[in-house]
Structure formats: C-alpha cells, structure tokens
Amino acid sequence: AVPSGPYKRVLLKVSGEALMGAEPYGIDMNTAERIAREVGEAVEAGYELCLVIGGGNIFRGLQAAAKGMERAAADYMGMLATVMNALAMQTALERLGVPTRVQSAIPMTTVCEPYIRRRAVRHMEKGRVVIFAAGTGNPFFTTDTAAALRAAEMGCDALFKGTGVDGVYDSDPRVNTDAKRFERLDYIDVLARDLKVMDASAVTLMRDNQIPIVVFNIREQGGLARVLDGQGTCTVVGP
Ligand code: UDP
C-alpha cells in the first residue's frame with residue numbers, strides 16, 4: 001500500500017500513562033491492544049512506524065529521587081519500566097499479527113535485541129514495527145528526548161506525540177472551556193512560551209533536525225490513522 005499522508009516514516013511516542021487506561025497504575029492490556037490496533041492499521045496502510053514508550057505508569061526516576069533515592073539509580077529503574085511496557089506493546093501487536101522487534105538502549109539480549117540503528121532501519125523497511133525501549137539508555141533524560149533522538153536517527157518524517165488532548169492549547173482545555181488550539185506552532189514558540197508539548201531538549205533536537213512534532217489525541221478511536229492521512233485534529237510544531 002502507498003500511504004496517502006504527508007509523512008511516510010513516523011515515530012510514535014506513547015507515554016506510560018496512555019497504557020494505564022482507567023487503571024491507577026501499570027498496564028491495561030485492553031488499552032495496549034487498542035493502541036496496537038491503531039498502529040497495525042497504519043502499517044497496513046503503508047506507513048513505516050516505530051514506537052517509543054514511556055515508563056511513567058510504572059516508575060518515574062524524578063519522583064523516586066525526590067523521596068531520597070539516588071537519581072541515577074532511580075532513572076535506570078525508570079528505563080527498566082519502559083522495557084516492561086515495550087514487551088506489553090509487542091505482545092499486543094503480535095497478537096494482531098503485526099510483526100515487531102523490541103530494541104533496548106540497555107542491552108538485555110535474553111529479552112530483546114540491543115539497539116542497533118542500521119538493523120532498526122532494516123526492520124522498518126521490511127514492515128516491522130520497532131519498539132525502542134530503555135529510553136536513551138542514560139539517566140537524567142526522558143523518553144521524550146529518546147523519541148526525538150530515535151526519530152532523528154531513523155530519518156523519520158515526523159514525530160507523533162500521542163496525548164490525552166487533540167493538540168496544543170493556549171491553556172488547559174480540560175479546565176478552561178474557551179482554551180484555543182493551535183493549528184501550527186514554530187519550535188521557538190513552544191520553547192519561548194514554555195508550552196507543554198515535549199521537554200525542551202526534545203523540541204530542540206527536532207528543531208535542529210527540522211522534524212515536525214505532531215501532537216494528537218491517542219485516546220480517540222481511529223485518531224492515528226486520521227492524523228496520518230492529514231485529516232485529523234492535531235497541532236503541528238514545525239519549521
Ligand atoms: N528515563 C531515563 N532516561 C531516558 C528515558 C527515561 O532516565 O532516556 C527514566 C526517567 O527516570 C523517567 C522514566 O525513565 O522518569 C520513565 O520515562 P518517562 O518519565 O519519560 O515516561 P513517560 O512520562 O513518557 O511515561
């Protein structure tokens with residue numbers, strides 16, 4: 001299939017919280033499967049997809065550090081949490097018959113492949129969904145930055161940030177009823193106005209590489225396909 005949208009190869013960042021569904025903690029497999037279905041449909045439509053999954057539904061380094069744990073150790077624990085989420089996502093995708101590979105920035109060869117850039121590119125060319133686990137492999141970073149890094153390394157046409165709202169607003173639309181959604185934003189607007197799109201290092205990396213960030217609602221059924229096809233509601237942060 002030939003994809004109809006403006007971006008062919010896309011990195012999708014899914015936060016850990018997105019996997020919780022209605023649960024207060026951890027992974028809700030029904031929610032994971034719903035996201036997997038969306039990803040599977042995109043692959044079927046001809047898009048090349050890779051994923052970065054966060055870990056906030058299981059463990060956040062910063063929170064543990066605030067309670068006295070050494071920051072670096074806490075961050076490594078956070079990265080391990082992303083591996084759990086990646087394996088859950090892999091299970092959900094493969095149940096639907098979507099071929100996947102998990103590659104971890106922290107080598108864990110019993111569980112998944114180590115991150116090898118050129119191999120990851122080959123997987124994507126073959127229609128496999130590559131799930132990047134363990135963030136960047138470094139403490140003091142986030143999975144947002146990992147998503148930006150991998151998007152640049154994979155030569156992605158866009159970084160899709162799946163959130164709970166359908167774009168970037170001038171104030172919180174869940175609190176403020178007349179909050180206004182931006183159609184487009186420049187990277188510099190996001191940085192200067194401190195709009196909560198992704199963390200600043202991720203935005204900067206995307207700006208340096210001129211890769212658009214597409215913010216959309218991952219909770220909406222069929223949302224990914226619509227935005228990929230250029231029809232859905234979203235905010236594009238770009239050049
Ligand atoms: N983390 C890290 N380095 C990375 C990516 C993640 O140290 O490159 C750790 C960090 O402690 C973070 C945790 O992993 O709190 C989970 O990632 P994140 O908070 O980005 O997940 P999300 O908010 O997307 O669920």
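Threonine 163 touches Val215, Asn217 and Ile218 when residues up to four places away in sequence are left out; contact here requires C-beta atoms, placed from the backbone, to lie within 7 Å. The structure is a predicted model, in which local features need pLDDT of at least 70, side-chain atom pairs count only at pLDDT 80 or more, and totals for chains, interfaces and linings use all residues. Residues are numbered from 1 along each chain as its sequence is written. Helices (H or I, at least four residues) and strands (E, at least two) are DSSP runs, numbered from the N terminus.

**Sheet**

- An open sheet of 9 strands runs in the order β4-β3-β5-β2-β1-β6-β8-β9-β7, and its pairing is mixed; two strands pair if DSSP finds at least two bridges between them.
- At the edges are β4 (113-114) and β7 (184-186), each of which pairs on one side only.
- Strands β1 (residues 9-14) and β2 (residues 48-53) run parallel and are joined by 6 bridges.
- Within this pairing, arginine 9 has glutamate 48 of β2 as its bridge partner, and valine 10 has leucine 49 of β2.
- β1 also pairs with β6 in the parallel sense, over 5 bridges; there, leucine 12 has phenylalanine 160 of β6 as its bridge partner.
- Because 5 of its 6 residues are buried, β1 is largely enclosed by the rest of the structure. A residue is buried if 20 or more other C-beta atoms lie within 10 Å of its own, exposed if 12 or fewer, and partly exposed in between, with C-beta atoms placed from the backbone.

**Helices**

- β1, α1 and β2 form a right-handed β-α-β unit: with the strands pointing away from the viewer, the path from the first strand over the helix to the second runs clockwise.
- Helix α3 (residues 71-95) has 25 residues and spans 37 Å from its first C-alpha to its last, close to the 36 Å expected at 1.5 Å a residue; the expected span is 1.5 Å times one less than the number of residues.
- Just after α3, glycine 97 adopts a positive phi of about 80°.
- Isoleucine 188 belongs to helix α6 (residues 187-192) and is exposed, with 12 other C-beta atoms within 10 Å.
- The C-alpha atoms of isoleucine 188 and phenylalanine 216 are separated by 19 Å, the two residues being 28 residues apart along the chain.

**Annotated positions**

- In an unreviewed UniProt entry, the annotation "binding site" covers Lys13, Val14, Ser15, Gly16, Gly56, Arg60, Thr163, Tyr169 and Asp172.
- These positions span 160 residues in sequence and their farthest two C-alpha atoms are 25.6 Å apart, so they do not all gather at one spot.
- UniProt positions follow the numbering used here, feature names are shortened, and annotations may be inferred rather than shown by experiment.
- Glycine 56 lies in the loop between β2 and α2 (61-66) and counts as buried, with 21 C-beta neighbours inside 10 Å.
- Leaving aside neighbours within four places in sequence, glycine 56 is in contact with Ser15, Gly16 and Glu17.
- Threonine 163 is part of strand β6 (residues 158-163) and counts as buried, with 22 C-beta neighbours inside 10 Å.

Technical notes. Contact = placed C-beta atoms within 7 Å.
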